[in-house]
Structure formats: structure tokens, C-alpha cells
Amino acid sequence: MNAEYINPFLNASRDILAQMAGISSEIGKIYVKDSPFASQNVAIIIGLTGSIKGQVLINMSEPMALKIASNMMGGMPVAALDEIARSAISELGNMILGNAATLLYNVGVTMDITPPTLLVGERISLSTAQLKTICIPLQTEMGTFEIDIAVKE
């Protein structure tokens, strides 16, 4: 995977977390995940088409997802991942990938994204088939927010 593809996803994730959810983050150690791999309790899956193809998985713990949803809704308490909270978390994925697509376009890489798919549950196992998955962990005060990128040119 071309290393110049990583920074747009990283920068978009950090910016959107800070702007939309008021959450600051530090970059953890980036590494390659073997497929299949376990996800945290909440995962957003967004497909990529265009110059690069594949998928991006954004995953986090349920308490983190509840806090993000609450912050995105102006601090309204969120006790469960109901329909509105799920919508907010899905929109977070849309915003991150939309920003990453813009950053990639600025360096000559075109990319379209699919609507997000939100998975919530215990013991979620994901597979990226033949693609290598690069994991970018963002450390926050609430735990780890992971961006898993599996793309090919």
C-alpha cells in the first residue's frame, strides 16, 4: 500500500473527532493486521471505489460510541445506541471518509465512498480478504479509536 494514502485518513480522522465530537487524540503505533481480526463493539464499514479500491473500518468501544454520539448531538445524554445515536456514529464515518477523499483528491487520487454500514455487537470478526490491513490506532481519553485501511490501487 502506498504510504501517501495513510496520512489523509489519519488527518481526516483526527480532525473530525476533534471538530465534531470534541475528542483529542494521539497517534498510536501503526501496524499491519492479519485477516480475519476482531473488532471492538462498534464498527463502521465504508467501501472505496475509484483510483483506490477496498474498504475502511472504523472501530471503537460502545462507551466511546455513546460519548461521541452525545457530543455530536450537543451534549444530549445518550444511554444506548438507539436509532439516532447509530445515525450520528454512521455520519461520523461519512465525514471522516468524505474529508479523506477530498485530501486524496488534492494529491491526484480519486475515490468514491459507499454509504456506511454500522455493526454493533460482541465478538465482531472482520475479514479484508486478499488485502493487507493497515491499522491506525488513535489514543483518546476514552480508549482506542481505530482506523483500519485495506486498499489496492
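Let me begin with helices H1 and H2, which pack at an angle of about 60° with their axes 8 Å apart. Axes here are lines fitted to C-alpha atoms, for helices over the stretch in contact, and angles run from 0 to 180 degrees between N-to-C directions. This makes H1 oblique to H2; angles under 35 degrees count as roughly parallel, over 145 as roughly antiparallel, 65 to 115 as roughly perpendicular, and the rest as oblique. The contact involves Leu17, Met20 and Ala21 of H1 together with Ile68, Asn71 and Met72 of H2, where contact means heavy atoms within 4.5 Å. By class, there are five nonpolar residues, one polar and no charged. In this scheme Ala, Val, Leu, Ile, Met, Phe, Trp, Tyr, Cys and Pro count as nonpolar, Asp, Glu, Lys and Arg as charged, and the others, Gly among them, as polar.

A word on the basis of these values. This is a predicted model, in which local features need pLDDT of at least 70 and side-chain atom pairs count only at pLDDT 80 or more, while totals for chains, interfaces and linings use all residues. Residues are numbered from 1 along each chain as its sequence is written, and side-chain values use heavy atoms, with hydrogens and water left out. Helices (H or I, at least four residues) and strands (E, at least two) are DSSP runs, numbered from the N terminus.

I turn to H1 itself. Its 16 residues should span 22 Å at 1.5 Å a residue, and the end C-alpha atoms are 22 Å apart, in agreement; the expected span is 1.5 Å times one less than the number of residues. Buried within H1 are Ile6, Pro8, Phe9, Leu10, Ala12, Ser13, Ile16, Leu17 and Ala21. Buried means under 20% relative accessible area, exposed over 50%, and partly exposed in between (1.4 Å probe, protein chains only). Just after the helix, Gly22 adopts a positive phi of about 65°.

Next, the pairing of H1 with H3. The axes of H1 (residues 6–21) and H3 (residues 83–105) come within 8 Å and cross at roughly 135°. That angle makes H1 oblique to H3. The crossing is right-handed; a crossing is left-handed if the near helix is turned anticlockwise from the far one by less than a right angle, and right-handed if clockwise. On the H1 side the contact is made by Pro8, Phe9, Asn11, Ala12, Ser13, Ile16 and Met20, and on the H3 side by Leu92, Met95, Ile96, Leu97, Asn99, Ala100, Leu103 and Leu104. These residues divide into twelve nonpolar, three polar and no charged.

How does H3 pack against H2, and at what angle? Helix H2 (residues 62–72) and H3 meet at about 85°, with their axes 9 Å apart. The two are therefore roughly perpendicular to each other. Ala65, Ile68, Ala69 and Met72 of H2 meet Ala85, Ala88, Ile89, Leu92 and Met95 of H3, and this contact comprises nine nonpolar residues, no polar and no charged.

Ala85 is buried, with a relative accessible area of 0%. Beyond residues up to four places away in sequence, Ala85 touches Ala69, Met73, Val78 and Ala80. Ala85 and Ser70, 15 residues apart in sequence, are 7.7 Å apart in space, C-alpha to C-alpha. Ser87, also placed in helix H3, is partly exposed, with a relative accessible area of 44%. The C-alpha atoms of Ser87 and Pro116, 29 residues apart along the chain, are separated by 9.9 Å.

Ser25 sits in the loop between H1 and strand S1 (26–27) and counts as buried at 4% relative accessibility. Leaving out residues up to four places away in sequence, Ser25 touches Arg14, Leu138, Gln139 and Thr140.

Ile147 belongs to strand S10 (residues 143–152) and is buried, with a relative accessible area of 1%. Neighbours within four places aside, the contacts of Ile147 include Ser13, Val56 and Ile136. Glu153, in the segment after S10, counts as exposed at 63% relative accessibility. Its C-alpha atom and that of Gly50, 103 residues apart along the chain, are separated by 8.7 Å.
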